[in-house]
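Me: I'm new to this one. Can you walk me through it while I look?
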Amino acid sequence: MFARLALCSRLPSRISQSNVCPVSIRWFSQAKFLLPRPHGKSFAHRSELKQAKRIVVKLGSAVVTRGDECGLSLGRLASIVEQVAVFQNQGREMMIVTSGAVAFGKQRLRHEILLSQSVRQALHSGQNQLKDMSVPVLEARACAAAGQSGLMALYEAMFTQYSICTAQILVTNLDFHDEQKRRNLNSTLHELLRMNIVPIINTNDAVVPPPVPNSDLQGVNVISIKDNDSLSARLAVEMKADLLIALSDVQGLYDSPPGTDDAKLIDIFYPGDQQSITYGTKSRVGIGGMEAKVKAALWALQGGTSVVIANGTDPKVTGHVITDIVEGKKVGTFFSEVKPAGPTVEQQTEMARHAGRALASLLPEQRGEIICSLSELLTEKKDEILSANRKDMELATDRLSQPLINRLSLSTAKLNSLAIGLRQLAVSSMNSVGRVLRRTRVANNLELEQITVPIGVLLVIFESRPDCLPQVSALAIASGNALLLKGGKEASNTNKILHHLTQEALSIHGVADAIQLVSTREEVEDLCKLDKMIDLIIPRGSSELVRDIQRAAKGIPVLGHSEGVCHVYVDSEASIDKAIDVVKDSKCDYPAACNAMETLLIHRDLLRTPIFDQIIDMLRTEQVKIHAGPRFASYLTFSPSEVKSLRTEYGDLECCIEVVDSMQDAIDHIHKYGSSHTDVIVTENEETAEQFLQQVDSACVFSNASSRFADGYRFGLGAEVGISTARIHARGPVGLDGLLTTKWVLRGEGHTVADFSEQGSMKYLHENIPVPQGNFN
């Protein structure tokens, strides 16, 4: 048998009852143990990979070797070892199937040959100048024999840094097909795993015979070990591994050779999909190719082991690729036996884009009809909607905070308000797509127009806000945009019926697919990676959600605000009645809203005056919990609890009160601690009010009016996709106009730039042509 065991030198001759190397005891005391799961059925979804206890990591030749194919990529290997070590120290059982012995041996033999040639030439010529030396073609088996020991020594040294022992096992085909040898190999591997040792496994390339063409992967019980792809698959099934991670030099499996036009990375591959794949050439090193990897993966999958093929060479992901896969992130190609009933999110995006173009080509009156139909359906089907919402509310009562439950709740009044807003939007949609913004006569018979067009495919991610779905859908319809909706699972029943009604309305003009509800297990972070398919992301939810999306969506613009820290400043010249009404409405009308007041700024001169006392009494009557800012606390002998942060968005019947010396002091406080959302001044001094309105740098700035007016419906926009605190594209409540972009249309009669050169016959005019109101392209 060619299975050779080489334990690291630190392993003691006797193993204690703990059955681990002594150096690993402190790691296991902190580890979160995973219980072995019954083997025989692979994981159905990526999210289940977190449960994987026994994992095989296969490192292809392209991953382990350098670009010149002589020697190992040490930095890449070190990052992979670190990830494997972390999982091993968490209590998982890790095994590595590695290439690299041939490359390492080639490096050593080349060095020896060159050194030998230089010595001989020096002896024969008696001179220091050496002739050009060529290295003969090196036989792979000899390279493997020379490289095995060095490769193992490298792994041992790297894993030692994490207090982990390693063992080398070399195998050939006979070790799996000879029953006694197979049992011996199985026993050896199980004993190593029991002792918390990471087995490093490779084919014994020094003696292995050349592979027989088309002899492998002929059934569940027959697999010929001709490369490390088939070895890792055979080993994973033999050891009943939960997961096989095959790292190569491509992102995963493509439907056609990577780099070719229209080649698409396959997220999930199912048995039976082989006919839809066109394979390219194999990698620059190694003897396998993608076809061999797919065959091996399907064989392992049939044996009960889940498989992911991913890129182990990309410097952007190598340092966390194994971690991301085990955490269930959308990395590489996941092989699954369970095919979902509905389309994938990529397919949904394609469907939405295609139908969205048809939606944009409709007449404004037709898009208005769709929105009016949706408005009527919200009223007609209100009983069904509210019934679905009650189901969500019952399930959420014990899981969500009160502010989120308030946002989740729907009522007849809310639905009626939504319906009114949608009818208002239907009217404004008549003046949206195709509107001419500017017309210029560039030259005689050469006219230029700037017109409004849809952005493309929108992704709106919202949590606990089912009323957001019809609002955003109507805006997408009015602006001719395709739309992907990703709602929180806490509102799944409500979202499902609202989406169904939306598609019913869209079907009037045959564009039902333009709006898709993503109901698969897609993680938000994975959706944010679809930069070639999605044009704009709009998050609606907590500040944490918005920040997470802004971090994840590196290639897609994000429209939104991360927090709603809104201020009301009560000036020394404020009306007592106006101050009480504005503060009460701003805080108590709907505390969970992003435009609710979170900080009340009081002019110092108002302390211990009737206006101040009445504001405090009103807040107490409304059961608002008060937190004192640092300056306010300093004025009080017995103050409320001091605020932990002046940037807090409470989202509930809580607020902070702080004292300022002047209007300018209030503005400075807002700029330092606010979120540029909505800020208010209450004063009877018109000059002071105007200065505040002009100087505060927020999306919405009000005088003597509640912060709750910061809303698309209340602004007359009909509906909004959210409130943006960004300084480009759209700011404040984002309605119809915020979902449009422009394109330039030039109409000529064979004009060329050469006509306008010094020797040309034409001159630029650049005359503005008046655009009549309501003019459409």
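Me: Let's start with Lys587. Is Lys587 buried or exposed?
Reply: Lys587 is buried, with a relative accessible area of 0%. Keep in mind that this is a predicted model.

Me: Which residue does Lys587 form a salt bridge with?
Reply: The partner is Glu598. The closest N and O atoms of the two are 3.1 Å apart.

Me: Glu598, buried or exposed?
Reply: Glu598 is buried, and its relative accessible area is 0%.

Me: How many salt bridges are there in the whole structure?
Reply: A search finds 34.

Me: Give me another. What does Arg353 pair with?
Reply: Arg353 forms a salt bridge with Asp535, with 3.5 Å between the closest N and O atoms. Arg353 lies in helix α11 (residues 345–361), while Asp535 lies in the loop between α18 (524–527) and β15 (536–540). They are 182 residues apart in sequence, so the pair ties those parts together. Asp535 counts as partly exposed, at 29% relative accessibility.

Me: What about Arg182 and Glu179?
Reply: Their side chains meet in a salt bridge, 2.6 Å from N to O. Both lie in helix α7, residues 179–194. They are 3 residues apart, about one turn of the helix. Glu179 is partly exposed, with a relative accessible area of 39%.

Me: New topic. How many aromatic pairs?
Reply: The count comes to 5.

Me: What kind of pair do Phe612 and Phe632 make?
Reply: Their ring centres are 5.9 Å apart and their planes are at 70°, so the pair is edge-to-face. Phe612 lies in helix α21 (residues 610–621) and Phe632 in helix α22 (residues 630–634). The pair ties together parts that are 20 residues apart in sequence. Both Phe612 and Phe632 are buried.

Me: And Phe756 with Tyr764?
Reply: That pair is stacked, because the planes are at 15°. The ring centres are 4.3 Å apart. Phe756 counts as buried at 14% relative accessibility. Tyr764 is partly exposed, with a relative accessible area of 46%.

Me: Let's talk holes. How many cavities of 30 Å³ or more?
Reply: The search of the whole structure finds 2.

Me: What lines the largest cavity?
Reply: The lining includes Asp229, Leu244, Lys293 and Val307. By class, the lining residues divide into 7 nonpolar, 1 polar and 2 charged. At least two residues each come from α8 (228–238), β6 (243–248), α9 (290–302) and β8 (306–311).

Me: And the second largest cavity?
Reply: About 30 Å³ of space lies in it. Among its lining residues are Thr98, Gln148, Tyr155 and Asn202. Its lining has 4 nonpolar, 4 polar and no charged residues.

Me: Which element gives the most to the lining of the second largest cavity?
Reply: That is α5, with 4 residues.

Me: Last stop, helix α17. How far apart are its end C-alpha atoms?
Reply: They are 21 Å apart. The helix has 15 residues, 492–506, and at 1.5 Å a residue it should span 21 Å, so the two agree.

Me: Which residues of α17 are buried?
Reply: Among them are Thr494, Ile497, His499, Leu501 and Ala505.

Notes
Residues are numbered from 1 along each chain as its sequence is written. This is a predicted model: local features need pLDDT of at least 70, side-chain atom pairs count only at pLDDT 80 or more; totals for chains, interfaces and linings use all residues. Side-chain values use heavy atoms; hydrogens and water are left out. The expected span of a helix is 1.5 Å times one less than its number of residues. Buried means under 20% relative accessible area, exposed over 50%, partly exposed in between (1.4 Å probe, protein chains only). A salt bridge is a side-chain nitrogen of Lys or Arg within 4 Å of a carboxyl oxygen of Asp or Glu. Rings of Phe, Tyr and Trp (its six-membered ring) pair if their centres lie within 6.5 Å; planes under 30 degrees apart count as stacked, over 60 as edge-to-face and the rest as tilted. On a 1 Å grid over the protein atoms alone, a cavity is a set of points where a 1.4 Å probe fits but cannot get out, and a pocket is an open set with protein on both sides within 12 Å along at least five of seven lines; lining residues have an atom within 4 Å of a point. Grid points are joined across faces, edges and corners, and a volume is the space filled by probe spheres set on the points. Ala, Val, Leu, Ile, Met, Phe, Trp, Tyr, Cys and Pro count as nonpolar, Asp, Glu, Lys and Arg as charged, and the others, Gly among them, as polar.
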